[in-house]
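Reader: I have a model open and want to talk through its packing. Can we start with contacts?

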Amino acid sequence: MRSTLVRQFGDPGQVIELVDAPRPAPGTGEVEVEISLAAINPSDLIPVTGAYSARTALPFVPGFEGVGIVRRVGPDVQGFKAGDRVVPIGASGLWQQFLLRPAEWCFHVPGGIEDAQAAMSYVNPLTALTLAEALREHFGSLEGMDVGVTAAGSAIGGMLMKLLALEGAVPTAMLRSDRSRGRLGETHRILVADSGDGLMGSQFDAVLDAVGGTLAGELIGRSIRPGGTFIQYGALSGAPVPQTAISGRPDIRFAFLWLRTWVHSAGREALEAAFLRSFAGLQSGLFASPIAATYPLSRLADALAHQADPRRDGKILLDPRC
């Protein structure tokens with residue numbers, strides 16, 4: 001079968017190989033899923049660089065998110081049959097034609113959702129839902145809350161802006177440049193760093209941060225009201241939040257939210273509920289994401305180059321069947 005493989009850490013464009021791999025039969029409790037489409041996310045590429053080498057064993061197949069069809073079912077599997085459309089989660093491995101996964105880590109996709117959107121139903125929607133829940137747990141209600149969202153021009157940033165507004169909060173999009181403004185429409189408050197909008201002059205009850213580094217430190221120090229909260233869920237800058245910024249604001253709550261940690265502790269019932277909300281959001285358009293291009297897995301190099309293009313406007317999808 002067609003597959004990818006990482007044997008050493010490094011530049012994803014250099015170290016992710018295209019290989020022919022065996023197609024083993026599913027074991028007890030497993031299903032075999034033929035992957036229809038898989039997404040490329042920063043969370044797929046960062047482990048390839050070696051950033052998480054302490055918890056990433058070589059060799060491995062990248063890809064955390066996608067959708068596919070159950071082709072074979074192993075012994076003692078209940079609730080799944082050949083032909084079912086599912087989202088398999090729980091580990092990397094989706095950048096290959098056929099995937100073996102424990103049935104407990106697969107979730108049925110309802111009808112009426114096209115494959116391209118179903119392939120993006122996991123990472124961003126569940127992260128957005130979990131962040132909103134974290135705010136509710138801290139504040140009791142999102143109604144009237146001033147919430148800043150960094151990297152708001154990204155796919156997940158746009159989801160967060162819509163979800164927070166739907167739940168009664170007053171979100172502010174924080175953008176690095178004016179280029180992303182058009183993705184957000186005219187209904188949200190938008191602050192652009194390059195235009196002198198004064199990101200640090202605003203005050204928020206909470207900030208949801210995907211950037212880390214210097215920006216996060218400045219926001220913690222100057223832009224969060226006493227009693228507020230700062231939740232980091234990404235590190236696009238590649239730099240950690242300065243510890244001095246955190247220790248300098250004992251009056252606010254600082255938290256990390258890594259989806260992987262939540263997923264592996266939440267339990268099947270909570271995950272099923274989250275996917276039901278994700279699928280409903282896809283059907284309503286709340287969690288729909290623009291797609292820049294879909295590439296066959298055989299053109300992985302082109303797909304990775306497009307992923308790295310700063311002018312890219314939308315998600316890159318892979319089709320491992322060709």
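Reader: Which residues is Tyr-122 in contact with, leaving aside its neighbours within four places in sequence?
Author: Tyr-122 is in contact (heavy atoms within 4.5 Å) with Phe-64, Glu-65, Val-87, Ile-89, Gly-90, Thr-127, Leu-259, Val-263 and Phe-275. This is a predicted model: local features need pLDDT of at least 70, side-chain atom pairs count only at pLDDT 80 or more, and totals for chains, interfaces and linings use all residues. Numbering runs from 1 along each chain as its sequence is written, and side-chain values use heavy atoms, without hydrogens and water.

Reader: How many residues are in the largest nonpolar core?
Author: 55, with Ile-89, Tyr-122 and Leu-208 having the most contacts inside it. A nonpolar core here is a set of buried (under 20% relative accessible area, 1.4 Å probe, protein chains only) Ala, Val, Leu, Ile, Met, Phe, Trp, Tyr and Cys residues joined through side-chain atoms within 4.5 Å.

Reader: Which helix gives the most to this core?
Author: Helix α4, residues 123-139, with 8 residues; helices are DSSP runs of H or I, at least four residues, numbered from the N terminus.

Reader: What other core lies apart from it?
Author: One of 31 residues, among them Ile-16, Phe-80, Trp-95 and Tyr-295.

Reader: Switching to domains. What does the assignment give?
Author: Domain 1 (2-120 + 289-319) and domain 2 (126-260), with bounds from an automatic or database assignment. Their centres, taken over C-alpha atoms, are 29 Å apart.

Key: Buried means under 20% relative accessible area, exposed over 50%, partly exposed in between (1.4 Å probe, protein chains only). Helices (H or I, at least four residues) and strands (E, at least two) are DSSP runs, numbered from the N terminus.
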